[in-house]
Amino acid sequence: MAVRHQLVRCPPSRVWAVLADPTLYGEWVVGPSASTPLDTSWPAPGSRLRYTIRLGPWSAEGTTTVRHQETGKELELEASFKSLGTARIFLQLRPWGEETLVVCDEHPLRGLGGSLHNSVSETALQLRHRGMLARLARLAEQQPGEVLRA
């Protein structure tokens, strides 16, 4: 199970504002190049978004569903990508003085990804999380109202 953390130099409310904006999903999650809300209630449990992954001329779409959320504190997602199956992604925001400790816990849940999960795929998840949490921090640390698209 890949667990990683990042200290973000802003309060949890600013980090949550990024997580609660479904159009920013493709900006902080490593892999997707774009995201589109499928429901207007994101990040309410059961709400979904569609994301696109591009690799050269190839592209494919997946969906992410909110399975649990506690506003400002926790967001638990299930990301589904065609035949690879699904993954559980749990983000927890912990106040750390005036900053935020973000803890990310991800593991394969269903399908081929779970069947083939091993130390190599675990290492790949750790590398993905390093980039993902750095992107999340960059977006959240910008001044309110200045969330920029990459």
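Helices (H or I, at least four residues) and strands (E, at least two) are DSSP runs, numbered from the N terminus. Two strands pair if DSSP finds at least two bridges between them.

The model on screen is predicted, so local features need pLDDT of at least 70 and side-chain atom pairs count only at pLDDT 80 or more, while totals for chains, interfaces and linings use all residues. Residues are numbered from 1 along each chain as its sequence is written, and side-chain values use heavy atoms, with hydrogens and water left out.

Start with strand E6, residues 85-96. Nine of its twelve residues are buried, so E6 is largely enclosed by the rest of the structure. Buried means under 20% relative accessible area, exposed over 50%, and partly exposed in between (1.4 Å probe, protein chains only).

Next select strand E5, residues 74-81. Eight bridges pair E5 with E6 in the antiparallel sense. One place to look is Leu77, whose bridge partner in E6 is Ile89. E5 and E6 form a hairpin with three residues between them, and Lys82 in that turn has a positive phi of about 40°.

Now move to strand E7, residues 99-110. E7 runs antiparallel to E6, and eleven bridges join them. Arg94 has Leu101 in E7 as its bridge partner. This hairpin of E6 and E7 has two residues between the strands; in the turn, Gly97 has a positive phi of about 65°.

Finish with the cysteines. Cys10 is buried, at a relative accessible area of 2%, and Cys104 is buried at 0%. A search of the whole structure finds zero disulfides, a disulfide being a pair of cysteine sulfur atoms within 2.5 Å.
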